[in-house]
Amino acid sequence: MKKLLLALIALSALTLTFTVGCSHVDDDDSAEHNMDHGDDDDSSMSM
Amino acid sequence: MANPRTDLHLLIGAAATYLVLAIAATWPLVLDLGGSVSPGTDEPATVPYASAWALWWTADRLPHGLASWWDAPIFHPQAGVFAWSEAMPLLGVLAAPLRWLGAGPIAVLNVVLLGSLTANGLSVFGLGRLLRLSPPAALAGGAVAVLLPVVHAELGVPTLVPIWPIVGVLAAMLWFVHAPSLGRGALLGAAVAAAYLTCSQYGLFTVIATALAGGWLIRRELVQPRVGGALLLGAVVAGLLIAPLALAQRTASAEAGLERSETRALKGSAHAQAWWRTPWTQAIPTPTVRTARDPGVRALFPGTAKLGLALLGVIWGMRREDREVEVAFVATFALVALMLSLGPRLAPVYALFRDLVPGYAQVRSLWRFGVLAHVGVAVLTAFGVHALIEAAERRGRPAQWGAATLVVLAVVELWPGPVRTIEAPSPDGRRQTLIWAVAQGKPLAFLPLRTDATAAGYEESAAWMVLQPEHGRPTVNGYSSYFPPDLKELFDDLADGPSRAGVVALGKRGICRVVVRSSWRDRAAAEAESAGALRWVAGWPEEGYDAYEVTAGGGCR
């Protein structure tokens, strides 16, 4: 039972991540920089 | 559950091994601990400087009972600014003795970095032993934790390097549910507080992910008032320790409207592609996994050997009645973190947490949930190594060599790329300017305040923050997670030189002396552009700075 439940959680998490996670596709991976600080919509920086 | 008092020799050996790994992975940082910083995968040293300053500020205030701690001397005259960024109070307190022994802010920062990487390894080692894993398996899990690629990619953001408090919460939770008691409840509360007081973001994320994964740990015997009482004590301990910081953050947030828009949070969340990227080339070529063209790009794939071993650990654990709950808990913790790293992409969940969880709306980089997933992978890798060793022992020497090779691969498969170091600002290069600054006895502005709106544009201001122990003057300059909203106008007014409007605004902020980098504006340009609002008073050509009196805006009157 526990194995089944964990398998279900894993399946849901992975499916969601790799389907929903692909929304708002941005082919330019520079948009995903770790440290994308800068003056933005709320004039705040990253730390 | 095993006795957590592991063999002392083993612990010392593990600590020494992890320290060597940490030094090797950050080479050549150790060669100039007091003079250089690593920006990690970022370009400028702005964040390391600001972090070194934050650690110094806590060490400076501790002997005074933390008086004025919130009113850190940046963004003058704004009060309460220390709550506008990660204050790292626990790291500040732990590192303070180094400062009192005479270490400079940069040396303290670098020791904290190396110490944190070592502690990351020790925490997973300790958790592994707590979970009855063999010493080699616990050691391997710890080594994986020292070299987690996601941590090394963030070496330039020192707040994000210590993952040991996250592991500490996992350990305290498992320790508590094994045999609940008031003492263990209090320890769990202290562990949660330690996580929050090291890095508020990690603390918040850890509470959410452990709460969602914690269902696995509930069993019939735990449903009784005594356990509830112990948990309540833990909540009180955590609340009391966290409250001063959390309340200050809440006040700052409410007063200045500090909140991230959903658009901003989306930019700061992980795209599914990020989970198929590595920051550096990994040892095992794997189809569909690619190397980021720039190590600074979000890259969250933890490594093929690690994932393989973690999966083996899950399968092995789920087939054993005495292990399945622990393994399921850690695996769910990692999976929950994986999902939450998507931020607003997982719209209903994001909306729910943003509404319900205090602090969630203030988080900019939800992709950092991914760090928790990596922590889970490191712990599960230790389980996998345990299973692998068990299997190899039954199959003779070639299998043992094969197993050893795989374990080593899991540790080093994503060895951090070459660590870039940047020479930190030295007081020696600005000695006369600093002497003059000290003599003023009043708040100052060092121009330019910023050269552009990126982190690099604030590097110069952050350098003056690092030198604050030398000049001792509150400054308008600063760098932080959030900025006082009214500063934006001042930044704009001073973006293209010391305009009269900008200098008048400085005067109104109580600034009557400014230091200007001569290569930005020389004396003639500064006086002309300010239309007489600045009057030259001193200069140090060999250091490249001029000092001016503000004659407008009421600063000196």
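Analyst: A crossing of helices is left-handed if the near helix is turned anticlockwise from the far one by less than a right angle, and right-handed if clockwise. This is a predicted model: local features need pLDDT of at least 70, side-chain atom pairs count only at pLDDT 80 or more, and totals for chains, interfaces and linings use all residues. Residues are numbered from 1 along each chain as its sequence is written, while chains are lettered from A and ligands numbered from 1 in the order in which they are written.

User: Which crossing does α9(B) make with α13(B)?

Analyst: A right-handed one. Helices (H or I, at least four residues) and strands (E, at least two) are DSSP runs, numbered from the N terminus. Here α9 spans residues 200-213 of chain B and α13 spans residues 324-340 of chain B.

User: Why are α9(B) and α13(B) called oblique?

Analyst: Their axes come within 8 Å and cross at roughly 130 degrees. Axes are lines fitted to C-alpha atoms, for helices over the stretch in contact; angles run from 0 to 180 degrees between N-to-C directions. Under 35 degrees is roughly parallel, over 145 roughly antiparallel, 65 to 115 roughly perpendicular, and the rest oblique. The angle falls in the rest, so the two helices are oblique to each other.

User: Which residues of α9(B) and α13(B) meet?

Analyst: B:Ala209, B:Thr210, B:Leu212 and B:Ala213 meet B:Phe329, B:Thr332, B:Phe333, B:Val336 and B:Ala337. Contact means C-beta atoms, placed from the backbone, within 7 Å. By class there are seven nonpolar, two polar and no charged residues. Nonpolar means Ala, Val, Leu, Ile, Met, Phe, Trp, Tyr, Cys and Pro; charged means Asp, Glu, Lys and Arg; the others, Gly among them, are polar.

User: What makes α5(B) and α16(B) roughly parallel?

Analyst: Helix α5 (135-146) and helix α16 (397-412) of chain B pack at about 25 degrees, with their axes 8 Å apart. That angle puts them in the parallel class, and therefore they are roughly parallel to each other. B:Ala140, B:Ala143 and B:Val144 of α5(B) touch B:Val407, B:Ala410 and B:Val411 of α16(B). The contact has six nonpolar residues, no polar and no charged.

User: What joins β7(B) to β8(B)?

Analyst: Six bridges, again antiparallel. B:Trp540 stands opposite B:Tyr545. Their hairpin has four residues between the strands, and B:Gly544 takes a positive phi near 85 degrees.

User: What makes β5(B) and β7(B) edge strands?

Analyst: The open sheet of four strands runs β5-β6-β8-β7 in chain B, with mixed pairing. β5 (445-447) and β7 (534-540) each pair on one side only. The twist averages 25 degrees from one strand to the next. Helix α21 (500-508) of chain B packs on the sheet, touching β5, β6, β7 and β8; its direction makes about 70 degrees with that of β8(B).

User: Which domains divide chain B, and how many residues does each give to their contact?

Analyst: Domain 1 (8-66 + 77-412) and domain 2 (425-550); the bounds come from an automatic or database domain assignment. Their centres, taken over C-alpha atoms, are 38 Å apart. Domain 1 gives 22 residues and domain 2 gives 19. On the domain 1 side, α2 (46-61) and α4 (105-130) of chain B are the elements giving two or more residues. α2(B) gives the most, with seven. That side divides into 15 nonpolar, four polar and three charged residues.

Notes: Two residues are in contact if their C-beta atoms, placed from the backbone, lie within 7 Å. Two strands pair if DSSP finds at least two bridges between them.
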